[in-house]
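Please read the following report alongside the sequence and the three-dimensional structure.

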Amino acid sequence: MPNASTKPKHGRRTRRRHREDPARNELVSSSLESAQQCLFNQDYGTAFVHYLLALNLAPVFKDFARDSFRFTLFKWAEELDSLGRIQDLFSCYEQALELFPDDEVILNSMGEHLFRMGFRDEAAGHFHKALKMRPDYPEARENFYRVANWLVERWHFLMLNDRGRNQKYQKAIHRAVQSGCSTVLDIGTGTGILGMCAKKAGAAHVYACELSKTMYELACEVVSANGLGGKINIIHMKSLEMEVPRDIPERVSLVVTETVDAGLFGEGIIESLIHAWHNLLLPRQTDELEISEPSATGRVIPAGATVFAMALECPEIRRHHRLCVSSVGGLSLAACGDLRSPVSCSSVPDDSMEPYTTERLSRLPGGYTALTQPFTALNIDFNNVQELEGLTSRPVQRVWLPVTQEGGLDALAIWFQLHLDQDNSLSTGPEEDTCWEQAIYPVHTTKDFALKLEDKLLVEVSCRDAYLRLCSVAVLRDGQEIRLDKPAPDLTDPGPNQNPEAQLCSALASLQTDHDKDFCVLECAEMALLNNEEYHRSFQNAVTKLFSQLKLANQNKRQGSSELFYVLDVSEGFSLLSLIAASQGHVKAYSSVEKNKQQEVLKRLARSNNIPEESLEFWLNGTEDDQGVLQRPSTEKLWSAIMLDCVETCGLVRQKLMDKASLARCLLEEGGRIFPERIVVHGMLVESDMLLLESAVQGQEPTLGFNIAPFINQFTVPVHVFLDFSTLECKHLSESVELFVLDLMDTSANYTTRQVKVRATHTGRVTAIPFWYHIFLYEDICVSTLSQHSHWKQAAVVLQEPLEVRAGDWICLTVNLHKSTITISAQTDSQPHPMD
């Protein structure tokens with residue numbers, strides 16, 4: 001009976017382990033009391049230390065003290081963040097997670113700090129773990145969706161859904177492996193699909209590298225699920241840091257990669273391939289080097305590329321990159337100076353500016369007009385290391401392009417043909433149905449200047465810093481060269497009446513102006529906002545109406561009519577709202593514009609529009625706390641108007657909007673208003689295959705025979721942002737309908753969930769519900785984010801499962817708004833009458 005002798009011993013050990021220690025108990029009790037006292041005194045750092053001591057000594061109290069401990073941690077983290085003690089902040093979170101390793105709230109909060117600090121991979125891991133602990137935790141879910149947009153960009157889904165592109169890569173890789181390339185390195189493997197193609201084609205050894213931690217882990221999952229876990233060596237490393245034999249045992253005979261962006265070189269493919277040829281690849285086969293075994297030589301897929309470019313006119317590009325209006329909201333903008341977007345290209349690299357942006361030309365609202373024929377801007381051979389190394393020292397190429405269509409020169413656009421091998425190539429052209437966008441080089445210095453049919457446009461092409469740079473520098477007209485690469489007072493056609501003396505004075509004025517010191521950079525969305533005349537006119541009407549009513553109320557109360565109105569603008573980035581309010585007179589306006597050059601622009605505009613200097617004040621620089629942003633003025637007077645930035649450019653409601661509105665309402669004088677006072681969300685049922693392709697890998701069939709969809713679709717985000725609804729490929733299945741109302745002035749009027757019934761006007765599959773906003777600034781003064789002049793984009797909820805409907809069916813939508821995230825579910829309903 002062996003158990004007879006073991007029972008008493010086990011019992012004695014248990015009693016000894018739980019024997020009470022009075023000194024320990026006293027220390028735990030004292031620490032908990034001290035923690036609560038420090039918490040009461042708002043000494044969060046000391047309270048946190050006491051909690052750590054008590055809960056490490058007595059884990060039995062963890063559930064009892066959990067809420068207080070969380071609160072203490074979060075308040076102490078805020079203080080550490082404000083003091084810049086970032087290392088201490090993360091150390092506190094690590095200690096907290098040692099105590100509460102499965103606490104979804106702490107995991108989510110640490111993820112938020114990591115995301116703000118730029119550690120997106122690590123943030124995603126914390127959000128994902130929080131969701132595993134509690135799948136219905138809305139804050140973690142919204143944060144995971146937000147970080148997923150950064151880590152797994154939407155083009156991954158489009159690329160995997162692009163069968164033509166995938167099959168061409170597969171054919172090229174299969175041919176190379178069958179011809180003797182037995183060892184393969186996949187640079188920037190992503191989901192691992194190209195490396196798996198190489199292994200499936202018969203490669204003896206396949207290596208893959210991926211810098212992103214999220215994509216590396218995803219690739220490992222995908223490769224393992226496809227039975228290739230021990231056959232493909234995936235390395236979490238940048239290829240530039242790899243060495244033989246430390247990271248891979250041998251030089252490879254084939255490198256496969258797609259580390260190219262819309263501008264071809266923006267993801268560093270030139271540097272990666274130069275390093276690979278010198279350190280990771282076998283030498284290229286040449287006529288001088290005759291080697292019998294093909295596996296003893298190296299090659300790259302893609303083999304090379306040809307870049308094409310053309311000049312174009314496009315109002316949508318223009319309004320995002322340069323000032324297009326002379327006045328807004330009653331303010332003359334003549335004194336603005338040179339405003340430009342941060343996208344500006346010249347042959348001389350400038351680290352403060354981006355050389356190009358990207359657009360899908362076929363989807364731009366209003367379309368575009370080609371002003372020249374496409375021309376070949378560059379040819380590059382990725383299998384020639386000498387050519388790659390000489391790219392940055394190539395002389396600037398000057399190309400004269402005949403103008404084939406009259407119009408304003410707004411940008412140069414490029415696309416390329418990627419030559420995978422001699423028989424397989426991919427085109428990223430604007431007319432192609434691919435996952436690619438085009439690179440756009442906006443032109444800043446041609447305001448009011450139109451190209452004519454007899455003109456020739458001079459374009460310079462360079463690659464000085466391994467970025468492809470295109471710059472419009474001059475126009476040849478009637479034998480005269482007109483420079484475009486330097487701003488001039490007036491670039492309009494001088495005409496026959498302008499005498500030589502006037503032309504000389506104009507040229508001298510241009511030479512004597514130091515333009516480098518005079519320009520101010522605005523973000524593309526800020527530039528579009530500045531060009532939005534309709535929005536500023538509506539705001540001017542709204543504040544005029546408010547101040548008139550406040551003046552009348554003051555007169556009825558027999559108060560002096562000279563009483564100042566205090567207004568606060570807490571808009572994100574550059575804003576003219578405070579200045580428009582100050583122009584009404586008897587107004588003291590406070591602006592949250594922080595950048596010095598942007599403040600100088602507002603000051604110049606104030607002087608040129610006869611607004612007294614003391615009417616405009618800048619404050620709150622660097623303040624992030626809501627309590628700091630929404631304060632009273634220096635006097636005891638309350639705010640007459642507070643302008644909140646309610647909608648993000650991407651099409652979502654700003655985070656914590658309703659919290660800010662609640663605080664703002666407490667700071668308004670009697671009769672004062674929040675701008676806007678109300679936001680009405682509108683939407684529509686649509687059938688759009690394009691939104692499905694951009695949201696998840698579609699279909700039941702494996703991609704090239706590989707099971708990838710279940711893994712990458714974990715990063716599917718249900719709300720598609722930065723949408724241009726006017727150009728979306730879709731079928732409208734209903735009329736627009738009011739989905740939701742946010743009342744910023746009346747908290748009792750708000751709700752979190754609403755059911756709406758919509759009648760289908762056409763038969764089809766409901767795949768998405770695009771939505772936009774009617775923003776009521778004051779009473780009936782409204783602007784729409786769907787307007788063609790809007791600086792806002794739209795967004796769309798993409799349904800997890802398309803809903804089949806017939807014309808006449810009623811669809812019940814359940815609309816939920818949690819913080820800034822709108823979720824919508826849909827189901828058919830037999831009830832004939834829509835409900836509120």
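## Overall make-up

Of the 836 residues of the protein, 51% count as buried, and this value, like the others in this report, is computed from a predicted model. The chain is arranged into 25 helices and 38 strands.

## Nonpolar cores

The largest nonpolar core is made of 147 residues, and the ones with the most contacts inside it are Phe69, Phe265, Phe382, Leu418, Leu468 and Leu470. Helix 5 (residues 86–99) gives the largest share of this core, with seven residues. A second, separate core of 94 residues has Leu550, Phe574, Ala581 and Val593 among its members.

Leucine 470, one of the residues with the most contacts inside the largest core, shows which parts of the chain meet there. Leaving aside residues up to four places away in sequence, leucine 470 touches Ala309, Cys345, Phe375, Leu412, Ile414, Tyr441, Val459, Glu460 and Val461.

In helix 13, which spans residues 269–279, the buried residues are Ile269, Ile270, Ser272, Leu273, His275, Ala276 and Trp277.

In helix 23 (residues 657–665), the buried residues are Leu657, Ala661, Ala664 and Arg665. They lie on the same side of helix 23 because the arc that they cover around the axis is only 95°. The partners against which the buried residues of helix 23 pack are strand 26 (639–643), strand 27 (668–675), strand 28 (678–683) and strand 32 (737–743).

## The cavity

How many cavities of 30 Å³ or more does the structure hold? There is one cavity of that size, and the space in the largest cavity comes to about 40 Å³. Its lining is formed by Asn532, Glu534, Tyr535, Val783, Ser784, Ser787, Ser790 and Trp792, and the elements that give two or more residues to this lining are helix 19 (533–556) and strand 35 (781–784). By residue class, the lining of the largest cavity divides into three nonpolar, four polar and one charged.

## Backbone features in loops

Most residues other than glycine have a negative phi, and most peptide bonds are trans. Against that background, the peptide bond from valine 244 to proline 245 is cis, with omega near 5°, and proline 245 sits in the loop between strand 3 (232–235) and strand 4. Phenylalanine 675 and proline 676 are likewise joined by a cis peptide bond, with omega about -5°, and proline 676 belongs to the loop between strand 27 and strand 28.

Lysine 656 is not a glycine, yet its phi is positive at about 60°; this residue lies in the loop between strand 26 and helix 23, and with a relative accessible area of 48% lysine 656 is partly exposed. Leucine 704, also not a glycine, has a positive phi of about 55° and is placed in the loop between helix 24 (689–695) and helix 25 (709–712). Is leucine 704 buried or exposed? Leucine 704 is buried, since its relative accessible area of 17% falls under the 20% cut-off.

Alanine 303 is part of the loop between strand 5 and strand 6 (304–313). Its C-alpha atom is 9.1 Å in space from that of asparagine 384, although alanine 303 and asparagine 384 are 81 residues apart in sequence. When residues up to four places away in sequence are not counted, alanine 303 touches Ile380, Asp381, Phe382, Asn383, His419 and Leu420; of these, Phe382 is also one of the residues with the most contacts inside the largest nonpolar core.

Lysine 62 belongs to helix 4 (residues 62–82), and with a relative accessibility of 22% lysine 62 counts as partly exposed. Lysine 62 and tyrosine 51 are eleven residues apart along the chain, and their C-alpha atoms are separated by 9.5 Å. With residues up to four places away in sequence again left out, lysine 62 touches Leu55, Leu99 and Phe100.

How values were computed. Residues are numbered from 1 along each chain as its sequence is written. This is a predicted model: local features need pLDDT of at least 70, side-chain atom pairs count only at pLDDT 80 or more; totals for chains, interfaces and linings use all residues. Side-chain values use heavy atoms; hydrogens and water are left out. On a 1 Å grid over the protein atoms alone, a cavity is a set of points where a 1.4 Å probe fits but cannot get out, and a pocket is an open set with protein on both sides within 12 Å along at least five of seven lines; lining residues have an atom within 4 Å of a point. Grid points are joined across faces, edges and corners, and a volume is the space filled by probe spheres set on the points. Helices (H or I, at least four residues) and strands (E, at least two) are DSSP runs, numbered from the N terminus. Ala, Val, Leu, Ile, Met, Phe, Trp, Tyr, Cys and Pro count as nonpolar, Asp, Glu, Lys and Arg as charged, and the others, Gly among them, as polar. Buried means under 20% relative accessible area, exposed over 50%, partly exposed in between (1.4 Å probe, protein chains only). A nonpolar core is a set of buried Ala, Val, Leu, Ile, Met, Phe, Trp, Tyr and Cys residues joined through side-chain atoms within 4.5 Å. Contact means heavy atoms within 4.5 Å. The arc is that of the directions from the helix axis to the C-beta atoms.
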